[in-house]
Structure formats: structure tokens, C-alpha cells
Amino acid sequence: MRGLAVVVVVVGAVAITWAIVALVRRQRYITSLRQRGWTFVNSPTFDAVARLGNPPFGIGFRREPDDQITGTTGTGRPFQVIEYRTEHWSGWVGMVTLSRRLPELLITMGSARPRYGVLAHAVAAPAQLGPGWQVGALDPVFAAEVLTAQVCSQLNAMTAGKPGLSVSIDGDQLVVLDPPRKDADLLGPWLEQLAAVAAGIDAAVLDRWVQPERPARLTFYHHPDWSWVGVDDSLLEYTRVIRSGHDHRTSEVVRGRDGDGPPFVAFTHRWKTTRTESYTDSEGRTQTRTVTENHSEPILGFQLPIGMPRLQVGPKGVFGGGISFESQAFNEQFAVHAQDTKFAYDVLHPRQMEYLMADPPAPFQIEDDWAWFSPGEHSQPAIARSSEFFRGFLARIPRFVWRNLGLPDTPYPVIENAAAR
């Protein structure tokens, strides 16, 4: 026992020593930053990254900014270096401010870390960049106009003797992954190089590409009309959630819409159940104990412009039975239950069935003026997929159906040749 106690004391002493060393190093590091006139913030607010919307920002529901360094470069350009974590990415990001808000652009070279969720398309890299570079943009013309000879020269200078680089334009920020933030003597010159790239972009003729100001709130990549709410327990009063149990609450609430599609609300519903169970203790006596279990379910609902008869559509193996349609392939793949059989036949016409079979959606149920989906998970991709599907589904509902429901015409742009008029 005495030997064990000695080991515990030694381990404890070593741990305390390492903690003291780490604290001293951190304080020296912070001092070195402040000596340069920079500001160090231990726990920045979300405002530090709220206006950034391209990966690694704008992705996921859990976004955590941490240690932050801010200041200006030698040419007076504001910069920020910040630690950032999401469900899909974790690390440090450095950025300098551009003079204009510009479209998305991604430029990478070598062994740079990939960015989760990027939707920019690969375009040809200019010859001035040389081998090993990849460029991603939504418009190749924009990429070509940004990557002038001056910008290419500065990018090549940043990669000299380094294994990789990942640069992007995110609004009015020029963002780079994995800056050399551990050493202020390395970070300072690196920021000057990044500022030179930004100066080259500012000098390019790009006024026709200027983007509108983005609201300072949590945004979602490629979904400008989505909004983060966080918690809204009033949703439990009217959404299609499990009612049993207790301590019901909402989390990760998101509201929004995509283009001219219907507005949606999506969140995680959490609750608890409590039960009493019997067990036998070590002495053979019967005892009882209370067991509390935590539960959660994803909720995704789209609000309709008018009430509709109940209609449930899902995989055959999930719902079973249901209405039979003229397409045997559809009948084998889907089960449909409806309050009004004629309404089901009007909505699920042959082209609508083809649409469903081409890319089967998550199970859903239309009930009055809401459509409730069962996406299987509460995630940005799951919401986006159901939103895109349902937008096309509603656009394929014939005009006469909407008129029969009481609307003067279809509330959604009709997909050409998609539904009977």
C-alpha cells in the first residue's frame, strides 16, 4: 500500500508540474501576442464568426469559437486568427478583411486539409499557379477574374517550402486553414503574406461580383434563408412529437425555406421516461429502483398554404398495405394511406410516382396545413434533401387540386410537363 501511495504522489506531482509549465507557456505566448499590439480573447462570442458562411463555417448545428487573436497587419488590414470547432471540423483558421463581399472561391494546393461539405465546382486553375493547385468556384468566370497574375504570384509565395495551403473567399474575408499560430514570430510574416494576397484581390476588377451584406447571425452554407433559433419549446404545442414521458424540450431549432418552397421548422425533441424496476441485491433480497431514460427524435415539418386531407407516403416495409396504384413498381416500393382516396390519386399521378421512385424521400405525412417528415436524423443535409424533394413534389401537384382545395392557382412554380394541368 505504501508503494502505491508513493506512485500516486509522484504521478500527482508530475501532473501539477506539467500544468504549471503549460500555464507559464500560455502566458508567455499571450504576452508575445500583446507585445505586437494584438488582442487575445480567451472566450470570444459567436459574433466573431457569425458573418462567415462557407466551410468550415456555415456547417452543422454545434459551432464553437475558442481562443481568438485580432489586430491589423503592417498595411493596416484587419485580421483574425481563431480556434473553431464543429461536428465536422476542428482547428485554427486565419483571415484578413477584403474591401468587398465576393462570391465563394476555394483555392488549395498540396496536402491541405479538405473542407467538409464544400459545394463549389472544380474549375481550371490558371497556368500562373503552376502544378498542384486546385480551384473551386460556382462560376469559373469569377475564378478567372480573381486569379490575376499578381494574386497567383502571391499565392505561390505563401506556399514556398510548405506542404499545402487552403485559401477561400468567404464574403469580405480571405480565409486560410491551419495558420502558424503557435509562434508569433512566424504568424506575423504569414499574416503579411496573406494580406498581400488580399491586396491583389482588392486590386482586381471585381465590382460586378460584389455581394449584398449578410446579416450578423448564424447562417447556413448555401441556405441564406435558414435561421438558427436554438430553443423554442412552444413548438411542442402543435408539432407532431411523441407525447408520452416528461421533461419535454426542444434543441437545435432551425427555421427557414429554400427559394420559393414552403417554410419549415426542424429541431431535436428530447424527453425522459421514468420507470420502477425490481432487482435482487448481493444478499438475495428483492429491491426496487427508479430508472430514468433519455430519448430524442428529429422533427421536420413544412407549412402548407392551405389545409389538405391526410396523406401518408413511405416505404412499403415501414407502413405496409395502403392504396393500390396503376404502377406495380410504385406499389412494390411505396405504401400510401389517405383520408380521401381520390385526393391521393390526383396528387400521386404517374409523373409524381416517377418522381418519388427516382429518388425516394424520407417517409412523410400531410396533415391539414403541415407536412411532417421522418428524416431519421436532425442534420443540415437531411433538412436540405427533404426541402428539395418537397419543393418538387408540391410543384408537381396539378393546378385543379389546388383550386379544389380553395386556392385560385398553384402556390408553387409548376414543373414543366410534370403534372396534368
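Helix H3 covers residues 149-159, and its buried residues are Val 151, Cys 152, Leu 155, Met 158 and Thr 159. Here, buried means under 20% relative accessible area, exposed means over 50%, and partly exposed lies in between (1.4 Å probe, protein chains only). Helices (H or I, at least four residues) and strands (E, at least two) are DSSP runs, numbered from the N terminus. Viewed down the axis of H3, the buried residues fall within an arc of 120°, so they line one face of the helix; the arc is that of the directions from the helix axis to the C-beta atoms. An α-helix has 3.6 residues a turn, so residues three or four places apart point the same way.

The model is predicted: local features need pLDDT of at least 70, side-chain atom pairs count only at pLDDT 80 or more, and totals for chains, interfaces and linings use all residues. Residues are numbered from 1 along each chain as its sequence is written, and side-chain values use heavy atoms, with hydrogens and water left out.

The buried residues of H3 pack against several elements, including strand S4 (90-110), helix H2 (140-146) and strand S7 (164-177). A contact of this kind means heavy atoms within 4.5 Å. After H3 comes Gly 161, whose phi is positive, near 75°.

Strand S7 contains Ile 169. This residue is buried, with a relative accessible area of 1%. Among the residues that Ile 169 touches, not counting those up to four places away in sequence, are Asn 54, Leu 98, Pro 103, Phe 142 and Ile 201. Ile 169 and Pro 103 are 66 residues apart in sequence, and their C-alpha atoms are 7.0 Å apart in space.

Asp 183 belongs to the loop between S7 and H4. With a relative accessible area of 34%, Asp 183 is partly exposed. Asp 183 and Tyr 355 are 172 residues apart in sequence and 56 Å apart in space, C-alpha to C-alpha.

The discussion now turns to the whole chain. The protein chain has 10 helices and 13 strands. Its radius of gyration is 28 Å, well over the 22 Å that the globule rule gives for 421 residues, so the chain is more spread out than a compact globule. This radius is taken over C-alpha atoms, and the rule is 2.2 Å times the number of residues to the power 0.38. Of the 421 residues, 46% count as buried. Among contacts between residues at least 6 apart in sequence, 63% join residues at least 24 apart.
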